[in-house]
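Biologist: I am new to this structure, and I would like to know what lies behind each term. Could you take me through it?

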Amino acid sequence: MELILEQFPVVIQSLNIGFIQTLKLFFVTLLGAVPLGLIISFGSMSRFRPLSYLTKIIVWIVRGTPLMIQLLIIYYFPGLVLDNPIWGGGESGRFLAASVAFIFNYACYFSEIYRGGIQGVPKGQEEAGLVLGMTRSQIFFRITLLQMIKRIVPPMSNEIITLVKDTSLARIIALQEIIWAGQAFLKGSQGISGAIWPLFFTAVYYLIFNGILTVLLGQLEKKLDYFR
Amino acid sequence: MAILEVEHLNKNFERTEVLKDISFSLEKGQVLSIIGSSGSGKTTLLRCLNFLERPGGGKIRVNGETLFDAEDPSTMQESEIRKKRLHFGLVFQSFNLFPQYTALGNVMLAKELLAKAQPDYKARRKEIHSEIEKEAKSLLTQMGLEDRMENYPHQLSGGQCQRVAIARALALKPDILCFDEPTSALDPELTGEVLKVIKGLADQETTMIIVTHEMAFARDVSSQVIFMDDGRILEQGMPEQVFENPTEERTKQFLSRYTQG
């Protein structure tokens, strides 16, 4: 116990740095995947058949294979197979590759949630907009969108919380996120080795952050309670 | 001159013919009721007039202007259709109010979006907004909803919702207001208040087409009645004539179900 107290400041500092990387990946993914998912959902709902088939195949591949494999392929394929290491070396290159993999993967999941949300809005809403002379985009932004958002908040909350934890997969390409930072003390780092508790302690970070997210998303859900 | 002329309108869904050679005309200020059993094509006819369905053949003219001609593809451009829709208003059976807007917001939304397209919108923004609001409020008052303007649809009864929907359609001042079974989703107590409002519009000589199963009401309010059966207009005439002296056996059969109760 005394030993842990002694190690605590060093470990926390290191875990904080790792967690910042975790948060960065989380927010970048969210920022990229939320709009990209909408574009993909429009693709899969397109009346132009080849586009909707193509989109559905992409979604199938991305959802049907492990994110870990996607990370590895996106990071290593350009350099090892094409002899063109587009990501560059170092932490920034790994972060970029991880961001691309995460954004694409999560956009595909989001797109299916959006599709459900959009298709769940009764057809009569669109028709009412049409007979009132609105354009398709006015109907989407003024009528459908908010009703869709209301519908998708609960399933999106689920995905977002999963995303927080999924960021840990990025250590497969040696991105130095929080679990990577915790694991370092097992192998030996900054004079500490063979310590497993830092790894276990990373769970506290996830738990607290997800707690905050749960409260925020719950508030959003409540805010949209003013209509049905 | 007739405000609306419909000529030889046809419509198929896959291989089923839902409308067969529909022709009729309507004078300004008149009320046309369309009666007939479910599946006879009444709703599809209204949807064709509002460009929610595209007819397979025929013509639709409003005030002499050809809005739709199956022979002429230039009448089917999306951007044009949007403007043409404004000749018609449509009140749906299930109201289709926008749940995230208040009663007032529902009535104002489309008008505001249209106003935005005006060239002087930016300069006169506030003025335009208050004009639209004033009109919307007076429409809702006319519908007896003066103390319900700030309520959301889920806080209103079915009858109140339908009256908001009527105000919303009237806000765009359509030439012809269409009703698709406006009281079919309401219980009998609430039906009365909606019918009263429609009657009030008829008294003000609003041109209307009403698809309804309320026979007594249709008889009372209409200047013209159409009986549809299996996608055809089987009988057409003054209400007294259609309701009291129907010529077709099928019409008699249909009406007898209502008189027997």
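Modeller: Gladly! Two strands pair if DSSP finds at least two bridges between them, and strands themselves are DSSP runs of E with at least two residues, while helices are H or I runs with at least four, both numbered from the N terminus. With that, chain B has an open sheet of 4 strands in the order 2-1-4-5, with antiparallel pairing. This is a predicted model, in which local features need pLDDT of at least 70 and side-chain atom pairs count only at pLDDT 80 or more, whereas totals for chains, interfaces and linings use all residues. Residues are numbered from 1 along each chain as its sequence is written, chains are lettered from A and ligands numbered from 1 in the order in which they are written, and side-chain values use heavy atoms, leaving out hydrogens and water.

Biologist: What makes strand 2 and strand 5 of chain B edge strands?

Modeller: Strand 2 (16-26) and strand 5 (65-69) of chain B each have a single partner strand, so one side of each is left without a neighbour in the sheet.

Biologist: How do you know that strand 1 and strand 2 of chain B are joined?

Modeller: The rule asks for at least two bridges. Strand 1 (residues 4-13) and strand 2 of chain B are joined by 7 bridges and run antiparallel, so they count as a pair. B:Phe13, for instance, stands opposite B:Thr16 in strand 2 of chain B.

Biologist: Which order do the strands of the 6-strand sheet in chain B have?

Modeller: That open sheet has the order 6-7-8-3-9-10, with mixed pairing. At its edges stand strand 6 (88-91) and strand 10 (232-237) of chain B, each with a single partner strand, so each has one side without a neighbour in the sheet. Strand 7 (residues 176-180) and strand 8 (residues 208-211) of chain B run parallel, joined by 4 bridges. There, B:Leu177 has B:Met208 in strand 8 of chain B as its bridge partner.

Biologist: And chain A, what is it built from?

Modeller: Chain A has 8 helices and 0 strands. Its C-alpha trace spans about 75 × 50 × 25 Å along the principal axes.

Biologist: Why is the pair of B:Glu78 and A:Arg136 called a salt bridge?

Modeller: The term needs a side-chain nitrogen of Lys or Arg within 4 Å of a carboxyl oxygen of Asp or Glu. For B:Glu78 and A:Arg136 the N to O distance is 3.7 Å, so the pair meets the rule. Across the interface of chain A and chain B the rule finds 2 salt bridges, and over all chains the search finds 24.

Biologist: What makes A:Glu112 and A:Arg63 a salt bridge?

Modeller: Their closest N and O atoms are 3.9 Å apart, so they too fall within 4 Å. This pair links distant parts of the chain, with A:Glu112 in helix 4 (residues 90-120) and A:Arg63 in helix 2 (residues 49-64) of chain A, 49 residues apart.

Biologist: How many residues does each chain bring to the contact?

Modeller: Counting heavy atoms within 4.5 Å as contact, chain A gives 20 residues and chain B gives 25. The area buried between them is about 2200 Å², with 61% from carbon and sulfur atoms; buried area is the accessible area (1.4 Å probe) that two parts lose on being put together, summed over both. A:Val131, A:Leu132 and A:Arg142 supply 32% of the area that chain A buries against chain B, more than any other three residues.
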